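Please keep the structure in view while reading.

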Amino acid sequence: MSSAISCRICHAPVTRTFVDLGVLPLSNAFIERDQANAGEVFFPLHAFVCDACFLVQVAEYEQPANIFNNDYVYFSSYSQSWLDHAARYTEAMIERFGLGDGAHVVEVASNDGYLLQYFLQRDMTVTGIEPAGNCAAVARQKGVHTEVTFFGAESGRRIRDDRGAADLIAANNVLAHVPEIDDFVAGFGKLMKPEGVTTFEFPHLMRLIEFNQFDTIYHEHFSYLSLRPLRQVFAKQGLRMFDVEELPTHGGSLRLFVCHRDAAHADSPAVAAMLSKEKAAGLEDLATYESFATNVIDIKDAFLTFLVEARRAGKTVAAYGAAAKGNTMINFCGVGPDHIAFVVDRNPAKQDRLMPGSRIPVYDVSAISQHRPDYLILLPWNLRDEIVEQMAEIRSWGGRFVTAIPRLDVF
Ligand SMILES: [Zn+2]
């Protein structure tokens with residue numbers, strides 16, 4: 001089937017492997033304990049690179065309507081560092097673009113209203129767009145007007161007609177998750193005011209390669225983005241990238257500023273500088289993509305060796321963070337409850353369920369002080385500092401932290 005894939009951006013046939021992670025369950029398909037005897041559906045997780053435009057992508061194996069249903073259990077507000085990020089974004093955008101009372105701010109993939117709540121506090125009109133009904137319900141409880149729909153040209157036009165055109169649209173960590181990039185991006189052109197701005201945040205492929213972040217690859221994450229292929233996506237819809245910033249989130253993200261082609265926003269030299277930086281990092285050289293898979297196998301070896309040696313030494317190992325990253329890491333490495341006894345997570349919607357594939361049980365964070373593991377693996381390595389601070393108590397019984405990416409680190 002690999003030969004049947006065409007590039008999501010330039011539509012060229014795509015056959016060149018970036019990394020093949022095998023067959024894995026969907027990362028958010030947590031299992032209820034009373035379903036432990038039922039089977040699971042696994043899908044190939046094989047990332048390809050387009051040798052025409054250098055987009056890295058996984059093929060679409062499951063329809064989004066089946067993924068982002070009411071069982072979707074990711075609530076943004078469970079991460080304090082992500083809330084802090086949202087609050088800083090709000091202040092920065094208000095200052096830079098002079099947004100005043102009554103400005104219309106929209107977020108696409110608004111989750112539980114974690115971002116728009118800050119604009120609401122500043123007396124602006126806010127509209128959230130969120131396909132997961134349970135996330136939208138939580139947002140509405142905060143007073144954040146939220147429409148349960150997928151975003152694209154049609155819904156962009158409809159929301160403009162119903163709620164007014166937008167001064168600012170935020171699209172954080174969603175561009176990589178849409179199967180139809182062209183239609184999705186067209187929606188921003190419909191919804192933005194003539195001088196409006198859209199900001200897109202997404203993990204930068206350059207950092208994924210540099211820091212071996214293969215566990216950010218999962219089925220619902222279709223595209224792995226750099227500026228080079230995106231330039232043509234925006235141009236096709238009459239839009240222009242006028243600035244870009246680097247962010248530390250998710251191991252290295254970009255925040256891209258986009259406006260209508262003829263809007264007055266001046267082009268920042270940062271866009272050309274980032275395109276040059278990508279080129280210097282080898283993103284226009286296929287050899288860069290081809291060496292990635294070898295680095296991934298090295299990480300798997302080191303992680304498995306650590307787990308086997310810990311077990312032989314009679315040590316107990318637990319993990320923190322039942323997120324998509326952890327599921328990719330654990331299932332790709334073929335690890336189960338015999339090597340990682342349990343995973344803890346602050347999100348009650350995941351607790352007392354089993355991780356998909358590995359069937360490792362998920363508990364409340366209090367299980368750590370109860371069971372006192374010798375090692376605590378930090379699966380969301382991007383939240384390392386936050387979690388180390390929260391879980392400092394493990395030092396009191398000699399516990400140590402472990403991260404596997406970008407390389408094995410026991411500390
Ligand atoms: Zn392409």
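Which handedness does the crossing of H6 and H8 have? The crossing of H6 and H8 is right-handed, where right-handed means that the near helix is turned clockwise from the far one by less than a right angle, and left-handed that it is turned anticlockwise. This is a predicted model, in which local features need pLDDT of at least 70 and side-chain atom pairs count only at pLDDT 80 or more, while totals for chains, interfaces and linings use all residues. Residues are numbered from 1 along each chain as its sequence is written.

The axes of H6 and helix H8 (residues 227-236) lie 9 Å apart, at an angle of about 55 degrees. Axes here are lines fitted to C-alpha atoms, for helices over the stretch in contact, and angles run from 0 to 180 degrees between N-to-C directions. The two helices H6 and H8 are therefore oblique to each other; angles under 35 degrees count as roughly parallel, over 145 as roughly antiparallel, 65 to 115 as roughly perpendicular and the rest as oblique. On the H6 side, Ile 181, Asp 182 and Val 185 meet Val 233, Phe 234 and Lys 236 of H8. By class, the residues of this contact are four nonpolar, no polar and two charged. In this scheme Ala, Val, Leu, Ile, Met, Phe, Trp, Tyr, Cys and Pro count as nonpolar, Asp, Glu, Lys and Arg as charged, and the others, Gly among them, as polar.

Helix H6 (residues 181-191) also packs with helix H5 (residues 153-163): their axes come within 7 Å and cross at roughly 20 degrees. H5 and H6 are therefore roughly parallel to each other, and their crossing is right-handed. Residues of H5 including Ala 153, Gly 156 and Ile 159 meet residues of H6 including Ala 186, Phe 188 and Leu 191. This contact of H5 with H6 has five nonpolar, three polar and four charged residues.

These helices belong to a chain with 14 helices and 19 strands, where helices (H or I, at least four residues) and strands (E, at least two) are DSSP runs numbered from the N terminus. The radius of gyration of the chain is 21 Å, close to the 22 Å that the globule rule gives for 411 residues, so the chain is as compact as a globular protein of that length. The radius is taken over C-alpha atoms, and the rule is 2.2 Å times the number of residues to the power 0.38. Of the contacts with a separation of 6 or more, 70% join residues 24 or more positions apart; a contact requires C-beta atoms, placed from the backbone, within 7 Å.

Leaving aside neighbours within four places in sequence, the contacts of Tyr 320 include Val 344, Leu 376, Ile 387 and Met 391.

Some backbone details remain. His 11, in the segment before strand S1 (16-25), has phi near 70 degrees, a positive value in a residue other than glycine. His 11 counts as exposed, with 12 C-beta neighbours inside 10 Å. Finally, the peptide bond from Ile 405 to Pro 406 is cis, with omega near 10 degrees, and Pro 406 lies in the loop between strands S18 (400-403) and S19 (409-410).

Terms used: Contact = placed C-beta atoms within 7 Å. Buried ≥ 20, exposed ≤ 12 C-beta atoms within 10 Å, placed from the backbone.
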